Amino acid sequence: MKIRVVHLYADYLNIYADRGNIAVLGRRAAWRGHELAVESVSIGDTLRPDDFDLLYIGGGQDREQALVAVDLAAKGDAVREAADGGCVVLAVCGGYQLLGRFYRDRDGVELPGIGLLPLHTVAGERRMIGDVLLDCEWAGRTLAGFENHAGRTHLEDGALPLGRVVHGFGNDGETGFEGCRAGRVIGTYLHGPLFPRNPWLADWVLAEALGHASGGEPPELEPLADELESAAHVVSAERAKTRGGRF
Ligand code: GLN
């Protein structure tokens, strides 16, 4: 099957190899006989809600977020319509912050978000940098990655976190939660990129996108060996244990 992917602002929001997540999805889809068709959509381009099964946004510095925020706000209706229609949305760090109501940067400038997730973010003085380990009870799995953000994200009423912080800062360095999940919409601070060391989440995204593409249920994907990926997860988790969550 063909999975239609829109990579939003790949030319502005792509730090810590966030675009690597698309490369991993492409390989894992191909190993199961599926194909990823990736379209890059950026400032001034049209976004049609029926044109994709998966929407992906990477992370970026305040400057790049300021360059795309108004354009993303103008695409907000299309993104919300697509998400209501069951497409998968994955956003990392700066992209995650712009899925909320707003991001107030370190200079107090408020960037509009699209309000797809019930949260808002306010930048603090000290950046939260380091390795992270999460416990995702909803999946019975852990997630390992790397965070670097000034933003403190506050989940609002009804918001579900992506995971509980085992090691690291997470959304705000206080609540012990990281990210946000609403059905097939996921936001997270985890860079790395995320998927090479967390193949289960890559497969979850792939299966949900295939479900959207077929108009049916997410299929059971044939398991892959993932030896290297599992080893990378263990190394990343160990680093989080020794170095995560320290200013
Ligand atoms: N600029 C945002 C912050 O500092 C997001 C950073 C990022 O995407 N890594 O919080």
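Helices (DSSP runs of H or I, at least four residues) and strands (runs of E, at least two) are numbered from the N terminus, and Val122, for example, is found in strand S7, residues 119-136. The structure is a predicted model, in which local features need pLDDT of at least 70 and side-chain atom pairs count only at pLDDT 80 or more, while totals for chains, interfaces and linings use all residues. Residues are numbered from 1 along each chain as its sequence is written, and side-chain values use heavy atoms, with hydrogens and water left out. The ligand sits in the largest cavity, and 16 residues surround the ligand.

**The ligand and its site**

- A cavity is a set of points, on a 1 Å grid over the protein atoms alone, where a 1.4 Å probe fits but cannot get out, and a molecule sits in a cavity if more than half of its atoms lie within 2 Å of its grid points; by these criteria the ligand sits in the largest cavity.
- The elements that give two or more residues to the shell around the ligand are helix H2 (62-74), helix H4 (94-97) and strand S8 (141-155), and the largest share, four residues, comes from S8.
- Of the 16 residues that surround the ligand, the closest are Gly60, Asp62, Gln65, Cys93 and Gly151, where a residue is near a molecule if one of its heavy atoms lies within 4 Å of it.
- The shell residues divide into four nonpolar, 10 polar and two charged, where Ala, Val, Leu, Ile, Met, Phe, Trp, Tyr, Cys and Pro count as nonpolar, Asp, Glu, Lys and Arg as charged, and the others, Gly among them, as polar.

**Polar atoms around the ligand**

- A polar contact is a pair of N or O atoms within 3.5 Å; within protein, one must be able to donate a hydrogen and the other to accept it, and residues adjacent in sequence count only if both atoms are side-chain atoms.
- An oxygen atom of the ligand lies 3.1 Å from an N or O atom in the side chain of Arg127.
- The backbone takes part as well: a polar backbone atom of Asn148 is 2.9 Å from a nitrogen atom of the ligand, and a polar backbone atom of Gly151 is 2.9 Å from an oxygen atom of the ligand.
- On its own the ligand has 290 Å² of accessible area, and the protein covers 100% of it, with areas taken from the Shrake-Rupley method with a 1.4 Å probe.

- Buried means under 20% relative accessible area, exposed over 50%, and partly exposed in between, with a 1.4 Å probe and protein chains only.
- Val68, found in helix H2, counts as buried at 0% relative accessibility, and its C-alpha atom is separated by 9.7 Å from that of Gly44, 24 residues apart along the chain.

**Loops and backbone geometry**

- Cys93 lies in the loop between strand S4 (88-92) and H4, is buried with a relative accessible area of 4%, and has a positive phi of about 50° although it is not a glycine.
- Asp226 lies in the loop between helix H5 (199-214) and helix H6 (227-243), and its phi, near 55°, is a positive value in a residue other than glycine.
- A cis peptide bond, with omega of about 5°, joins Gly192 and Pro193, and Pro193 has its place in the loop between strand S12 (185-188) and H5.
- Asp53, in the loop between strand S2 (35-41) and strand S3 (54-57), is buried with a relative accessible area of 1%, and Asp53 and Glu208 are 8.7 Å apart, C-alpha to C-alpha, while being 155 residues apart in sequence.

Technical notes. On a 1 Å grid over the protein atoms alone, a cavity is a set of points where a 1.4 Å probe fits but cannot get out, and a pocket is an open set with protein on both sides within 12 Å along at least five of seven lines; lining residues have an atom within 4 Å of a point.
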